Amino acid sequence: MATGRNHRPATSRSRGIPDATVARLPLYLRALTALSERSVPTVSSEELASAAGVNSAKLRKDFSYLGSYGTRGVGYDVEYLVYQISRELGLTQDWPVVIVGIGNLGAALANYGGFASRGFRVAALIDADPAMAGKPVAGIAVQHSDELERVIEENGVSIGVIATPAASAQPVADRLVAAGVTSILNFAPTVLSVPEGVDVRKVDLSIELQILAFHEQRKSGELPDDGRAVPGTDIGEDAGGGVTGSPVAPPAASVTKRTASAAPAATDRRGDEPGNDGDLPAVMPA
Ligand SMILES: NC(=O)c1ccc[n+]([C@@H]2O[C@H](COP(=O)([O-])OP(=O)(O)OC[C@H]3O[C@@H](n4cnc5c(N)ncnc54)[C@H](O)[C@@H]3O)[C@@H](O)[C@H]2O)c1
């Protein structure tokens with residue numbers, strides 16, 4: 001991982017909020033939503049930091065970017081923070097999402113209730129297999145790939161989820177982008193090339209397991225022969241930021257924006273934006 005401590009942190013395009021802060025906002029929101037469901041009116045930074053698994057000083061710094069400073073002796077207003085973070089994340093509006101590749105994973109994603117409850121409406125399920133067309137999955141009829149462009153246009157889809165085999169992922173991404181999609185969540189184990197202005201996040205559970213395997217190996221005292229740390233395992237601090245109690249990072253700031261090129265994201269992103277986690281995997285908040 002690049003060491004970016006002496007550099008200005010990479011920031012999101014809105015209001016100059018650092019990407020690492022943006023990556024922690026869903027963690028705060030998840031913790032705050034749980035408090036809200038229990039009708040808890042206020043929360044201290046320490047309590048919320050602990051519930052979100054984040055260091056409390058980092059939390060206060062993150063909230064300062066939102067203009068939220070809490071009230072001394074009272075803490076933060078839970079409902080207001082839920083609103084503020086939801087608004088900052090763009091969750092106060094409905095986001096139609098298209099899932100491409102309705103096999104084991106695509107069907108599981110389609111059935112995942114957590115999308116809808118967080119403002120992501122599954123607008124369409126797309127698969128290249130003609131035998132799948134018309135079959136209901138999660139109450140939605142699967143549509144053939146030929147329909148992809150029409151579906152995106154009709155539903156105003158800007159977020160696409162790719163759950164196809166790796167070999168199909170780039171052509172699918174190209175079609176999604178050409179049709180107007182500007183954000184892609186990629187589950188296929190391949191690096192995607194997308195034009196400038198398109199954001200890609202990737203999820204790879206096997207990478208997370210490999211990181212856990214590394215920590216297991218450390219716990220058992222079995223280090224690699226040369227005793228060096230395995231690269232890419234220190235993602236907690238920059239990506240999830242100040243995460244406590246967990247050896248594995250929460251959602252990494254793995255937004256990838258680049259011009260179309262054959263260069264892997266891990267190389268070009270880390271090279272030009274120190275302190276950002278470039279192509280590290282993201283894990284969906286549960
Ligand atoms: N990121 C993760 O943690 C994770 C976990 C499991 C699987 N995966 C990956 O997700 C992908 C899907 O896995 P799966 O087990 O669901 O596979 P699967 O074979 O069950 O499903 C793949 C589906 O994609 C469809 N498809 C193929 N090419 C297509 C195209 N060009 N356009 C539209 N649909 C197309 C196939 O018809 C099939 O229905 C694989 O790349 C796999 O490696 C990732």
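Biologist: At what angle do helix 1 and helix 2 pack?

Modeller: Helix 1 (residues 19-37) and helix 2 pack at about 105°, and their axes lie 8 Å apart.

Biologist: What makes helix 1 roughly perpendicular to helix 2?

Modeller: The angle is about 105°. Angles of 65 to 115 degrees count as roughly perpendicular, under 35 as roughly parallel, over 145 as roughly antiparallel and the rest as oblique, so helix 1 is roughly perpendicular to helix 2. The axes are lines fitted to C-alpha atoms, for helices over the stretch in contact, and angles run from 0 to 180 degrees between N-to-C directions. Helices (H or I, at least four residues) and strands (E, at least two) are DSSP runs, numbered from the N terminus. One thing to keep in mind: this is a predicted model, in which local features need pLDDT of at least 70 and side-chain atom pairs count only at pLDDT 80 or more, while totals for chains, interfaces and linings use all residues. Residues are numbered from 1 along each chain as its sequence is written.

Biologist: Which residues of helix 1 and helix 2 meet?

Modeller: Leu27, Tyr28 and Ala31 in helix 1 meet Leu48, Ala51 and Ala52 in helix 2. Two residues are in contact if their C-beta atoms, placed from the backbone, lie within 7 Å.

Biologist: How do the residues of that contact divide by class?

Modeller: The contact of helix 1 with helix 2 has 6 nonpolar, no polar and no charged residues. Ala, Val, Leu, Ile, Met, Phe, Trp, Tyr, Cys and Pro count as nonpolar, Asp, Glu, Lys and Arg as charged, and the others, Gly among them, as polar.

Biologist: How do the axes of helix 2 and helix 3 lie?

Modeller: The axes of helix 2 (residues 45-52) and helix 3 (residues 56-65) cross at roughly 105° and come within 8 Å. That angle makes helix 2 roughly perpendicular to helix 3. Ser45, Glu46, Leu48 and Ala49 in helix 2 meet Ser56, Leu59 and Arg60 in helix 3. By class, the residues of this contact divide into 3 nonpolar, 2 polar and 2 charged.

Biologist: Which residues does UniProt list for "DNA-binding region"?

Modeller: The unreviewed UniProt entry lists residues 27-66. UniProt positions are in the numbering used here, feature names are shortened, and annotations may be inferred rather than shown by experiment. In the model, residues 27-66 are 72% helix and 5% strand, with the end C-alpha atoms 15 Å apart.

Biologist: Why is Ser39 called exposed?

Modeller: Ser39 has 8 other C-beta atoms within 10 Å. A residue is exposed with 12 or fewer, buried with 20 or more and partly exposed in between, counting C-beta atoms placed from the backbone within 10 Å of its own, so Ser39 is exposed. Ser39 lies in the loop between helix 1 and strand 1 (42-43), and its phi is near 60°, a positive value in a residue other than glycine.

Biologist: What makes Ala138 partly exposed?

Modeller: Ala138 has 19 other C-beta atoms within 10 Å, so it is partly exposed. Ala138 sits in the loop between strand 5 (136-137) and strand 6 (140-141), with phi near 55°, again positive in a residue other than glycine. Most residues other than glycine have a negative phi.

Biologist: How do you know that Gly101 is buried?

Modeller: Gly101 has 26 C-beta neighbours inside 10 Å, so Gly101 counts as buried. Gly101 lies in the loop between strand 3 (95-100) and helix 5 (104-111). Leaving aside neighbours within four places in sequence, Gly101 is in contact with Gly106, Asp127, Ile162, Ala163 and Thr164.

Biologist: And why is Ile102 called buried?

Modeller: Ile102 counts as buried because it has 25 C-beta neighbours inside 10 Å. The unreviewed UniProt entry's "binding site" annotation covers residues including Gly101 and Ile102.

Biologist: Which residues are closest to the ligand?

Modeller: Gly101, Gly103, Leu105, Ser168 and Leu205 are the closest of the 24 residues that surround the ligand. A residue is near a molecule or strand if its C-beta atom, placed from the backbone, lies within 6 Å of it. Helix 5, strand 4 (120-127) and helix 8 (166-178) each supply at least two residues of this shell. By class, the shell has 14 nonpolar, 7 polar and 3 charged residues.
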